[in-house]
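Please look through the model shown here with attention to its backbone, its helix packing and its aromatic rings, which the paragraphs below take up in turn.

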Amino acid sequence: MKFSGFRVVAEALRGHKGWKPLWRDPAPQSEYDVIIIGGGGHGLATAFYLAEVHGIRKVAVLEKGWLGSGNIGRNTTIIRSNYLLPGNQPFYEFSMKLWEGLEQAINFNAMVSQRGILNLYHSDGQRDAYRRRGNAMHLTGAGAELLDQDAVRRMYPWLNFDNARFPIKGGLLQRRAGTARHDGVAWGYARAADLRGVDIIQNCEVTGFRIEHGRVQGVETNRGFIGAKKVGVAVAGSSSRVMAQAGLRLPIESHVLQAFVTEGLKPAIDGVITFGAGHFYVSQSDKGGLVFGGDIDGYNSYAQRGNLPVVEDVVEGGMALMPRIGRARLLRSWAGLMDMSMDGSPIIDRTPVDGLYLNAGWCYGGFKATPASGYAFAHLLATDTPHETATAYRLDRFARGHVIDEKGVGAQPNLH
Amino acid sequence: MLIPHPLLGLRDAQEFTYLGDARLIERPTSGDEAELADYVFQRDNPAGLHRELWFHEQGDRSWLVVTRNTLTHEILGAELARDVSLARKEGTA
Amino acid sequence: MTDLSPLCALGATAPRRVTHGALTLAETPDCGLASLALRTGTPPPSLPLPEPGRWHETDGLTAFWTGPGQWLVEMPGCAEVDAAAMLGERAPGASVTEQTDGWVLFEISSTGGAEPIERFLERAVNLDLTRFAPGHATRSTIEHLGTYVLRRAEDRLGIWGMRSAAESLWHALETIAGRQG
């Protein structure tokens, strides 16, 4: 079933009776070439690129809950490639290029909207840091513009420019950044992978690995043993729990991140804005809700709910930046599990167990990375060599002293 | 969350900052590089009971070892990290 | 000749004082402050020191607990003298440090008994009031600012804050008092 404008019109005339489920609901086979654990954005993208780029179609994606029920189904939907360090920025720019061609590649409307991201600065020092970051972005072709206060005023005249403590002095703008429909991304990758022969098996929890002579043979699940030549793990906040079943400890702590949506409003914010003096970022969804978030709560958690002090902190940031947000009523908030790594950067690598591969440590920035993460993980699974944009994401980089620490705060996950 | 401070009673978690796994008290002294890297970077990260270090930064500036359930945020107890550390030294002496 | 006139923490030559309803906030610049930390093996000082979470007054000096083995000592009228030296005489062998210039003291008093003070505390600081009767003193935050709060009496509080943030703290306290006034 291919989506097209013609098809939408034709279905409208037929009372929308011709639409079919977007993917099959297959029973697990006894053996696969590759098993991906985790049916979130990264796992589904990995399966798609395995089939599409490498022709590996005997692939299963095992999902404990339902497809896209984790962070891909609930996030602040921001896509951007505005990193600083050489280990990161080329990867995120590669991801941005994949976003730009995503809807054609998967024939699905993921509502990719390049509405721009504006990172505000509030001091001379911050301006200089953004200038440096902008230059790093230009090196990868990501594009960046350093705006002064007048230029920001023309874009968003209603921001609180004269906040006594944190006046807005300007911003770093990446026009190619923006937002995407988070669960549309999951559905689109799932459908595209399914069409290429990938089995997406939901409600299938991995309960252990079968490892013989240091090589993975497959996984034990609540639906029986499933054999595999290679197993890739992409389970975000559950990484430590799953990898513990293979006897591995990780440089990761699981933390909780909250986010918020207001009632639907008329168009008010046409891009993504981040506050440079607190931790607050906001955009407006196509349904009209203001989608915003802030910092992680800061303590290990698997609870998928946060505490009130961070709610207060986020709301105070919002009020300092754009006082009119105080008029909007909050519709809902939620919290998800973040696989916070020890340097704030991800891991896409082999593990000490042959045939077992890990994709983890995305902290609270995994959504924007979804296409490149899937692409690079598929490349690693298919060729046993890292993708050229992901060579720094080694599991052993910590012990070797090759950390990729954008914030420079050291091995303290709740500060990244 | 409210943290039951051994000296001051229940106190708002907002007064505290968080460091992480209480095993960070057990800094290795052997000089072995791999052991130190393991200490600095690797974590158990359990889902369930977790003994962890909290610093009463906006309070009496004590370090506490708090036992907390990471699945529910229930706090089961708190001790002064100083006492934990001294007991550990006595245990190994 | 340079004419140096001392200023209060809030920037004026005279301390600020404001009344909202039953509550009066008063900047109190004349109180000296010194920290006292006992070292292992030193003799106990000649002034009684309170338990955790408490303050205690002896001979006009009020000591309040700030951490294990550590206290701050208020010395009224001693802001312009060497408060640390005076305290040091009473605590030989202990570590005593002058603190007066780093801090600002705001006294809050009520003409309506305990109720206005407790309502004020509920809004200002996240403490359990059932365990904050007269005699208690603790460190906490008010509007993200680190402060020491002393319950001097049912109807009186003392609040020590950072001198460099005196105006911010005063603004926070006066806003709270004004809303209930």
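A:A236 counts as partly exposed because its relative accessibility is 28%, where buried means under 20% relative accessible area, exposed over 50% and partly exposed in between, with a 1.4 Å probe and protein chains only. This residue lies in the loop between β11 (224-233) and α7 (239-244) of chain A, and it has a positive phi of about 50° although it is not a glycine. Most residues other than glycine have a negative phi. A:D384 also has a positive phi, near 60°, without being a glycine, and is found in the loop between α9 and α10 (397-400) of chain A; with a relative accessible area of 28%, A:D384 is partly exposed. Helices (H or I, at least four residues) and strands (E, at least two) are DSSP runs numbered from the N terminus.

This is a predicted model, in which local features need pLDDT of at least 70 and side-chain atom pairs count only at pLDDT 80 or more, while totals for chains, interfaces and linings use all residues. Residues are numbered from 1 along each chain as its sequence is written, chains are lettered from A and ligands numbered from 1 in the order in which they are written, and side-chain values use heavy atoms, with hydrogens and water left out.

How do the axes of helix α3 and helix α9 of chain A cross? The axes of α3 (residues 89-106) and α9 (residues 366-383), lines fitted to C-alpha atoms over the stretch in contact, come within 8 Å and cross at roughly 95°, which means that α3(A) is roughly perpendicular to α9(A), a term for angles of 65 to 115 degrees on a scale from 0 to 180 degrees between N-to-C directions.

Over all chains, the whole structure holds 25 aromatic pairs, counted when the ring centres of Phe, Tyr or Trp (its six-membered ring) lie within 6.5 Å. A:F91 and A:Y92 form one that is edge-to-face, 5.2 Å centre to centre with 90° between the planes, the term applying to planes over 60 degrees apart; both A:F91 and A:Y92 are buried. Ring pairs also link A:F48, A:Y49, A:F94, A:Y189 and A:Y375 into a cluster.

Rings also meet charges: A:R210 lies over the face of A:F225, at 3.6 Å from the ring centre, a placement that requires NZ of Lys or CZ of Arg within 6 Å of the ring centre and within 35 degrees of the ring normal. The charged end of A:R241 sits over the ring of A:Y302, 5.3 Å from its centre.

Definitions and conventions:
Angles under 35 degrees count as roughly parallel, over 145 as roughly antiparallel, 65 to 115 as roughly perpendicular and the rest as oblique. Rings of Phe, Tyr and Trp (its six-membered ring) pair if their centres lie within 6.5 Å; planes under 30 degrees apart count as stacked, over 60 as edge-to-face and the rest as tilted.
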